[in-house]
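Dear colleague,

I am handing over the structure below, and my notes on what was found in it follow directly after.

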Amino acid sequence: MELEIRGLTRRFGSFTANDGIDLTIRPGEIHCLLGENGAGKSTLMNMLYGLLDPSEGEILVDGEPVAFASPADAIAAGIGMVHQHFMLVPPFTVAENVMLGRERTRGLGVLDRKAASRLVRELSERYRLAVDPEALVEDLPVGVQQRVEIIKALANEAKVLILDEPTAVLTPQEIDELMGIMRELRAQGTSIIFITHKLREVRAVGDRISVIRRGKVVGTAEPTASEAELAEMMVGRSVQLVVDKAAAAVGEPVLEARNVTVIDPRGHQVVKDVSFVARAGEVLGIAGVQGNGQTELIKSLLGLVRPDAGEIWLDGRDISRHGPRQSLEDGIGYVPEDRSHDGYVGSFSVRENLVLDLFRSERFASGPALRLGAIEANARQRIEEFDIRTETMETPVSALSGGNQQKVVVAREFSRPLKVLIASQPTRGVDVGSIEFIHKRIVEERDKGTAVIIVSTELDEVFALSDRIAVMYDGRIVGTATPDIPREEIGLMMAGATDTDQAGATGATGAGTHGTGGGAA
Amino acid sequence: MKKTARIAAVATMVALSLSACGERETDAGEDPASTPSESTSESASADPSQQFPDFKACMVSDSGGFDDKSFNQTSRQGLRDAVEAYGMQEADIESNDPSEFNDNINELVSQGCNSITTVGFLLGDSTLAAAKKNKDVDFSIVDFAYTDDKGDNTAPANVKGLTFNTAEPSFLAGYTAAASSESGVVGTFGGLNIPTVTIFMTGFVQGVERYNEDTGSDVQVIGWDPESAEGSFTNDFEDKNLGQSTATEMINQGADVIFPVAGPAGLGGLQAAQDNDVKAIWVDTDGCVSAEEYCDVLLTSVMKGMDVAVQDAVLASAEDEFSNEVYVGTLENEGVKLAPFSDDVDEELQATIEDLKQQIIDGEITVG
Amino acid sequence: MSDPQKGPAAPPVVDPERVDPHEAAAAPRRRFDASAFVPTVVDSVLAVVLALVVGAVLIVFSTERVLGSLPYFFSYPWDFFRFAGEAVGDGYAALVNGSLGGADALTRTLNRAAPLICAGLGVSLAFRAGLFNIGAQGQMLVAGLAAGYVGFTWDLPTGLHALVALLAALVAGALWGGVIGLLKARTGAHEVITTIMLNNVARFVVLYFLGLEAFQRPNSDNKLSPPVDDSATFPAIGNLHLGIVLAVLAALVVWWLLERSTLGFEMRAVGANPDAARTAGMSVPRVYVTAMTLAGVLAGLAVTMTVLGQQNSVTDQVAGTVGFDAITVALLGRATPVGTVLAGLLFGALSAGGLSMQGAAGIAPELSQVLQALIVLFVAAPALVRGIFRIKGRGQGSSVEAKGWGG
């Protein structure tokens, strides 16, 4: 089927999120929708899926205008959507999840599980999805859960499949697999709208690329376009994709982890005997698939969790028993992995968030009273310096775009003298323009002689910033390398293959990936 | 709550009557369905000298509210009876908490009430204060008297305490319970350990003791010990479940007559008696009237004539015969009494009780 | 005012499309978020308006004269409307008269508002620190006992006596509240459970003490303390006692604390996002203990209005229902000091005016309580109110919600 969008506009009050968007999705094509966070991609898709009413414009299916009052209408019209955040019931099996909401019964209200299983198996085989209908969703890796979402859409006989930032939660190997699946779907006639802001991906899999900026389609491109060209269309100016940095002037060890072990509340060892040294003037990148102990490791560095064994030393002092307040005051800068959860208070204004861990200092408080003037001056200065796009300094941070939220966190942590900067996922969900900016600031901090520890699941980022790379898998550091190592090798290490285990990805199970061994040396 | 029921009933009525397309009455005020159904005006006096259309009789409840199925409600019943019988005007204010007492009384004063009845000892201070300021208004207070160290009345001329020697009928109830018990154990419990409650329980215990003396038996009372002033209390006058569990516990300990002195919470005690096939004695009102569904387990009830006392006080005020003399309801003036016995109480026992009652009236037995 | 993020008036700032994966993923594991219960100014005002409308209907259908005109409604419809109009008019006139008409009425309103404001501030303060303090009632009871004991036992000069009694109440309230904070901080016990339990415990503590000779009047076994000495009662002009002044001062202090102090900054941060607060080096347990202690102090202040202000003796009902009404007041006041003062005044007026409605207009005493209950109901269900007044939701969020994930 052919899906056409004509002049689609959506306003929120005085704000126009989508402005006269025209788009045609042809049968059997992968149409990439490229744009920064906040460009209006999700608004557009929510209108296509019946979650939002357009203010103006129309949607046509095979030339006929349609109106979707709810997702049910959109589904009936053959549109399927895989959200960023999966809509699955974890304790149910795959088959049960697929039949949820469209339960088939055999007489007397008995659920026809067999039919559902059969359907899942058929779809799985037909599109080579390799999903076991009887597996419990909670036991499945994220990549497979995503495929369950795809099966759900296919079970509803979707002809157009919307994938909203599908790669954000995947490992490099899983991304490759997803691309394979997308090609397979295309081959069998399903159209795909692939929403992303990652340039590498659109070039790898797209048939056509539409770029959205500030609610408008600013152009279309062929997959042969260079990353620089695409980035420029997306951001509206030329973007430096490679971090420009000089060789590191490595100094003394500043932060040292010695045989750190962390046990989570459920009794699992999540960090296992990890040791490393972060030196002044150097960026140490910790790569790894989400959930391999990085979160707990850096929390223990700040004192948010106490290591159950091992020690953490800062400048020759054991700080293992220190709490976060003392560690912050000792000069550790901390950009948490999940900014909305740990990094800022959403209902607080930009002004307040900019002093969230500084308000006690003499600069911002005199006795029990806050120095409002100083806090405001600070806000004005940081907003300017970090180019935080906010209406006023009183705007709640929750109303900012992801990139600007992250800038608030980064600006705060960079606004005092640091010995160590620990930044986890510093650019997750951040638009290209802001990524460039944040990366630049991190390198500047390094050049000031700060020891920098970057934790990222994005290989590009790790390679771009690090002077040294450590890879974490299953709670351990399974290897260290310099950035000149081939990506594939790091990818394998992230999947659990150690340096000595070059045989491939066969050992990758559990929290790791179901790697197909693609790209093994 | 009653209001809700009334509104519901009225809504139904409206629906019915709209379809019937009724007639306008000459005086569009009277609505038969909404005359208080609980009013049992026994003496609708037709004597014009007994009518006081300009007299305003008023009442302030304590924080239990007028729908407490207990002393607030019974007291207001007395007010309503007076208002109906003698053609008076009426105004009531319900208190939500003690900080409102002063305001509530003052509000009624400012609305020109001639007589204000307050309900419960908690209003003692507020009533006294208002009475001192408003000498032309007659105040009466249920369950309270103003006395000095020697027990002499200290009330100003325009305040009347209405008290009840409920120990007297409770004594008879205790005797009845002991005589009716087969297990040799009877139980009582209160709503709260305060004098207006425990006076019942003490009389009850004394009645049982008297029975033991007279017959040489050894009937035990559980739930109250007048010596140590300790016993079983629900600490709540509303929660039926508490009353039920307290009574069930007593029945498990062998009690086969239960005497709950806990207002509506005591209804749970009657429920427990019914469930376990034992007997009970109700308080304040005749249980066979106010809690008809439990009539089959009741031997009798200890009646506390708050309605009568209030009605009398209001009438006295209207007739300019008000005095500050403390009213004490006794068996003699029938301010307190036993309700008619059930068939489970044989004639011989009834005769004994009648005899004891006379002895109390004659002062041969002192109770309390 | 101090809360620019709320309210439909605020433009949907910058970015309706900020659903990045982490936020989406974070949403389901968000803990109990007290701030989700805070209504907007518009919600609060509409709730009051709507409650008055429903109240009018209730007045109409519980007035006998109006009902009497219904059987012949089709013959003389005007009777019904006239009587209904009069009933509502009389009722609300009495409400306004009894609360605002004249010095006595105003005094009554202010005296009733004062404890509501103080206790409401206690609830608000805890609320801002992310704690649902249902325990104002218990804190008030214990504090009332302490104030009363000092008031009727100790022998001190006028003024100083009141001050000492007041301090006794504040300390007792602080202890009773602080225990809850401590339980939460140390053991993670949920404050809703512990406050409710401690409310009961407080009542029995008070009953126990009132059973002791030292707390009773001579020659009386009633659970009623002697009256507080005159030297310990608040100064008053006419009947208007110091309470409302203390309440307004308390509101100012709470405002300063929340908006201008480092402690308030911490409390608000912990209340809005304890994880971020912890990551920023704040001690969440310490904030919990502090907030509950201060909430107890404010509840203690509230009860002095009753014990030292006008009632002058202690019973187990000394807190009335103020401790619970305070929750409503705090919610209606959006957990801000100014809002709490306004809501407290409104409830004080409803209570004072409700009295006249009962006495003068003969309207059921339940009505003023029903009005309060309706306000709570409408505040708790903003979607309902907004639906009735056809107010658009707050940007994308609510329209998505309204349509649901029907797929």
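Cys118(C) counts as buried, because its relative accessibility is 0%, under the 20% that sets the limit, and Cys32(A) is likewise buried at 0%. Please keep in mind that this is a predicted model, for which the predictor gives the complex an ipTM of 0.78 and a pTM of 0.77.

One joins Cys58(B) to Cys113(B), with an S to S distance of 1.9 Å, and it links distant parts of the chain, since Cys58(B) sits in strand β1 (residues 56-60) of chain B and Cys113(B) in the loop between α3 (101-110) and β3 (115-119) of chain B, 55 residues apart. Both Cys58(B) and Cys113(B) are buried, and the torsion about their S-S bond is about -85°, so this disulfide is left-handed.

The other joins Cys288(B) to Cys295(B), again with S to S at 1.9 Å, but here the torsion is about 85°, so the disulfide is right-handed. Cys288(B) is partly exposed, with a relative accessible area of 27%, and Cys295(B), at 26%, is partly exposed as well.

As for confidence, chain C averages a pLDDT of 82, with 86% of the residues scoring at least 70.

Best regards

How values were computed
Residues numbered from 1 in each chain as written. Chains lettered and ligands numbered in written order. Predicted model: local features only at pLDDT ≥ 70, side-chain atom pairs only at ≥ 80, totals over all residues. Heavy atoms only, no water. pLDDT = per-residue confidence, 0-100. Disulfide = S-S within 2.5 Å. Helix = DSSP H or I, 4+ residues; strand = E, 2+ residues; numbered from the N terminus. Buried < 20%, exposed > 50% of the residue type's maximum accessible area, 1.4 Å probe, protein only.
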